[in-house]
Amino acid sequence: MRDKLDARTKWSYCIGATGRDAAYALVSMYLILYVQYTMNLTSAQFAVISGAMILCMVWDAINDLLMGIIIENTHFKMGKFKPWILAGSLTNAIVIVCLFTIRPSGWGFVAFYSLFYLLWGMTYTMNDIAYWGVLPSLSSDPGTRDSLVTIMSIFVCIGQFSVAGVVPVVIAGNAVKAYRIVAVVVALCLIAFQMLTAFGIKENDREEQKDKLSLKDMYHIFVRNDQLVAAGIASIFFNITCNILIIFGVNFFYIEYGYSESGNLVFYFTVMYGLGMLISQASYATLAKHFTRQKMLNVCFAALLIGYACFMGFGYVLPKNVVLLNAIGFVIFFFQGLMNLVIIVMINNTIEYDEARFHERHDSVISAVRSFSVKLAGGINQGLSTLVLIVSGIYAKSRSISALEIEVNRGEISSEAALAEANRYIGEITTAQGILFRVGMVLIPLIALAISYMIIRKKYHIDEAEYAKLVEKTRT
């Protein structure tokens, strides 16, 4: 394996993240909001959709591991990873457009949505496991790998921010049409950027495996790698921490500031998200030269505890000030981004740990754990967020707003009239309902964060010195 990358491979890989993470952000952040605020489903239908999403995500998490085996056994002329990067992006783009444009009503929509959400997860997995599987295979040099993770993560943030910032501004008052247009644009970007990666990177030559990997082999790879187990479980809980705030975010602004006024406010908050994530990603390689990963984790944990405590007190103990809210958001997003990179590197470093001990290298299978943790956490978050929305009574109000958006799409009322009526529905939310919603929004991520941190402190021991020894051992 080479330690240094050629410029074409480096930039084709990193820039390609822009389109794929824009597509992922659209689905992970806004698909359930699209359903919540444009479909006017009953609470039972919404609950069934959420249940279907949970099952799909759990299956998708398992499918990530199966896809790792498939990729390990791939011997196409184009390479080990590139065929799946390309196939996954093309099929996923088609499914995304269908999810945001095909609109049967009632239980028909529930059936359609459940099927196509399953297809979305499976097609995204093709691309996701292959894309992340390339990363540790490109270089085992710690500096090169940290630099690659940093640059790639910057383009991840650009892709996510481009969607997260634009969607809230354009949807209110004409949501059905706006979501459709955004979906088409994002799908085309997904294809274009991933074609750049598929045709731009140069895969390393690899020794052909004598035997194909099986499910039993995959199980043994995981069980024998205690450091992978620790990092993987910690990653699951950390992703619960990160994703729950994203799921609740837009609803939070609707509750606090009204339906019609929230677009620009969500945009400003998204700017904080973009800045926080970008600065943390850009600074990671430099910070890694001066601080150990454990020290960075300690600081991230303390800062996130303070950030979430401030978020809980916003508008109750702390003043309801937009500048203060954005400052709290920046702190949370910066340290979440930094902690996320630390955990990604920890997972990747278990590849050399496994190779040094057992003289086998399984980049795709082990890298799939990161995607597995994201998907499984997403399923858990979907169930928790649906429970909070229904129990707090917020979903009932959003259903009334979705009826208005449907009328706008049919041309029965104007956007202005719909926005005014939507604000009236939001104003009917009681203080008790708002507090219950806020508790769910803050308490869940704090508990998950604490569990993630303690697992790493107690169970993970591949520090910088040990990793250097592992790399040296794999070369001898």
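**Helix packing and local features**

Helix H8 passes helix H15 in a left-handed crossing. A crossing is left-handed if the near helix is turned anticlockwise from the far one by less than a right angle, and right-handed if clockwise. The model is predicted, with local features requiring pLDDT of at least 70 and side-chain atom pairs counted only at pLDDT 80 or more, while totals for chains, interfaces and linings use all residues. Residue numbers run from 1 along each chain as its sequence is written, and side-chain values use heavy atoms, with hydrogens and water left out.

H8 spans residues 226-257 and H15 spans residues 431-459. Helices (H or I, at least four residues) are DSSP runs, numbered from the N terminus; strands are E runs of at least two. The H8 and H15 axes lie 8 Å apart, at an angle of about 165°. Axes are lines fitted to C-alpha atoms, for helices over the stretch in contact, and angles run from 0 to 180 degrees between N-to-C directions. H8 and H15 are therefore roughly antiparallel to each other. Angles over 145 degrees count as roughly antiparallel, under 35 as roughly parallel, 65 to 115 as roughly perpendicular and the rest as oblique. The contact of H8 with H15 has 20 nonpolar, six polar and three charged residues. Here Ala, Val, Leu, Ile, Met, Phe, Trp, Tyr, Cys and Pro count as nonpolar, Asp, Glu, Lys and Arg as charged, and the others, Gly among them, as polar.

H8 also meets H9. Their axes come within 10 Å and cross at roughly 130°. H8 and H9 are therefore oblique to each other. H8 passes H9 in a right-handed crossing. Tyr-268 lies in H9, residues 262-290. Its relative accessible area is 43%, so Tyr-268 is partly exposed. Buried means under 20% relative accessible area, exposed over 50%, and partly exposed in between (1.4 Å probe, protein chains only). Tyr-268 and Ile-171 are 97 residues apart in sequence and 16 Å apart in space, C-alpha to C-alpha.

H14 (residues 415-427) has 13 residues. From first C-alpha to last, H14 reaches 18 Å, close to the 18 Å expected at 1.5 Å a residue. The expected span is 1.5 Å times one less than the number of residues. Ala-418, Ala-422, Tyr-425 and Ile-426 of H14 are buried. Seen down the axis, the buried residues of H14 fall within an arc of 95°, so they line one face of the helix. The arc is that of the directions from the helix axis to the C-beta atoms. Glu-416 and Gly-427, on the other side of H14, are exposed.
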